[in-house]
Amino acid sequence: MVTTEKVDQGVKTRRVAVIGCGHVGLTVAAGLGELGHSVVGVDVNEGLVTELCRGELRIHEPGLADLVRRGLDSGRLAFTTHYDYAVPEAEFIFLAVDTPQTLAGAADLRNIRAAINSLAPALNGSSPIIVNKSTSPIGTGETIEELLREALVERNVRARIVSNPEFLQQGRGVDDFFHPDRIVVGSRSAVDALEVASLYEGLHSEVIVTDLRTAEMIKYVANSFLATRISFINEIARLCESIGVDIDQVVEGVAQDPRIGSQFFRAGIGFGGSCLPKDVAALRYVGETFGVATPVLSAVQEVNRMQRTSAVRRLQSRLGSLEGRRIAVWGLTFKRDTEDTRESPAIDVVSLLSNAGAHIQAYDPAVAANPSLVPERFRPFLRATPLEAVQKADALAILTDWTEFKDVDLVTVRAAMINDLIFDGRNVLDQAEVEALGFAYIGVGRSATLPRRRRTDR
Ligand SMILES: NC(=O)c1ccc[n+]([C@@H]2O[C@H](COP(=O)([O-])OP(=O)(O)OC[C@H]3O[C@@H](n4cnc5c(N)ncnc54)[C@H](O)[C@@H]3O)[C@@H](O)[C@H]2O)c1
């Protein structure tokens, strides 16, 4: 549930521009509007801005549509493609543009450079604080300073740069905005850093003030550590599969230790999305740049790749050849409660299965509503419901942990399938219950059962 009730609405209203209205930018813009600030979101994507002005969202994020609607209705939130409209009046300019991965693994700063080049001419002689929310390598704050120097010298004002990394998780972004664990603000000037922190005053969160580089490093270390936990437990899960031990019980026994905890500690087909993979790669690249070896980060990536291939190998070893097999897939997004399919492990597994000759019948609640979320070659695979996806299937592969998959009637599923095999790539089902219904079950890090019977001789 998304709650904003602990928010103290008595903050001083400031004028804010947010550059980039994607997952992070839109959540931050709408959240700051809700806190009482006057916010203008700027994006280069005209279609997106037109829709946002009407209160229509492309992204699936619980609670965000209501927040945007409230902001628009109150006049505290507006959207534009024009830097000239948003920048001159702004006291704070947030950068929330995407920083994708280059082929070499580095973070691509093209969009940050473009945003700075667009906003510099619109600065009106005042000296707003540029707040970098995009995840970008150590030293980006100084790069932004450098890019702005010429424009600011002409206007005789100094660059004020603050790094304010974003820690929200897609699928619970609004909740995370209103209940942050901590707010990190890094700057050359502690005064500027605290000015930025004051925007969030109503949230009563701990504020950590650092220099620019430390704030940038904190974000990469946080994401790389989360990725490390996932790859570590996945490596252990593969061991469990071989020795016949149940990973869920192992995790339960280990995670009770408060030094370890249970978050980001679930076995599955690996991590994905637009953040963890690229941030691990970018930190490795930083290591390469500075001549520092990062073998742990390399292993994190390798285990993550292996989880995808392991899923396919396990299905193949049960079904014999995958050629011509009909595989039902539930879930294509990189995790539940988001429409995001970027770097999705599910998409990788489907590609591998399809390349091996399997016929895919896929259902995902977000993709069913908007097929353009997946590459064109995937669209013929799409089905409108979970039950349509399992018709005459040899196996069902659950690849995303959408909650609704737990509610589908498995008796009906079994009747619709040709064979009785379930690969549970997210360990969302209760193994004993599934087996009691006559399915052969393969989970991740769970002991597999053999099929009781096969309805075909294939
Ligand atoms: N998605 C997350 O969960 C998350 C969490 C924390 C941090 N981050 C980081 O935040 C940043 C943004 O991520 P996102 O997921 O919101 O990206 P996104 O792709 O969802 O949105 C980025 C938006 O920026 C716009 N844009 C690009 N260049 C622009 C420019 N020059 N001027 C104006 N708009 C421009 C794009 O049109 C797009 O709408 C990334 O650096 C990411 O690593 C993301």
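This is a predicted model: local features need pLDDT of at least 70, side-chain atom pairs count only at pLDDT 80 or more; totals for chains, interfaces and linings use all residues.
Helix α9 spans residues 212–243 and helix α11 spans residues 276–289, and the two pack at an angle of about 115 degrees, with their axes 9 Å apart. Because angles of 65 to 115 degrees count as roughly perpendicular, α9 is described as roughly perpendicular to α11. On the α9 side the contact is made by M217, K219, Y220, N223, S224, A227 and I230, which meet L276, D279, V280, A282 and L283 of α11.

Strands are arranged in an open sheet of 8 strands with mixed pairing, in the order β3-β2-β1-β4-β5-β6-β7-β8. The edges of this sheet are formed by β3 (77–80) and β8, each of which pairs on one side only, and the twist from one strand to the next averages 25 degrees. At one end of the order, strand β2 (residues 38–42) runs parallel to β3 and is joined to β3 by 4 bridges, with G41 standing opposite F79 in β3. Helix α5 (residues 110–119) packs on the sheet, where α5 touches β1 (15–19), β4 (92–95) and β5 (129–132), and the direction of α5 makes about 155 degrees with that of β4.

An open sheet of 5 strands is also present, in which the pairing is parallel and the order is β10-β9-β11-β12-β13. Its edge strands are β10 (359–363) and β13 (440–443), each pairing on one side only, and the twist averages 20 degrees from one strand to the next. Strand β9, which covers residues 326–330, pairs with β10 in the parallel sense over 5 bridges, and within this part of the sheet R326 stands opposite H359 of β10.

Aromatic side chains were examined as well, and a search of the whole structure finds 5 aromatic pairs. One of them is formed by F177 and Y200, whose rings are tilted, at 6.1 Å centre to centre and with 55 degrees between the planes. F177 belongs to helix α7 (residues 173–178), whereas Y200 lies in the loop between α8 (190–198) and β8 (206–210), so that the pair ties together parts that are 23 residues apart in sequence.

Methods
Residues are numbered from 1 along each chain as its sequence is written. Side-chain values use heavy atoms; hydrogens and water are left out. Two strands pair if DSSP finds at least two bridges between them. Axes are lines fitted to C-alpha atoms, for helices over the stretch in contact, and angles run from 0 to 180 degrees between N-to-C directions. Angles under 35 degrees count as roughly parallel, over 145 as roughly antiparallel, 65 to 115 as roughly perpendicular and the rest as oblique. Contact means heavy atoms within 4.5 Å. Rings of Phe, Tyr and Trp (its six-membered ring) pair if their centres lie within 6.5 Å; planes under 30 degrees apart count as stacked, over 60 as edge-to-face and the rest as tilted.
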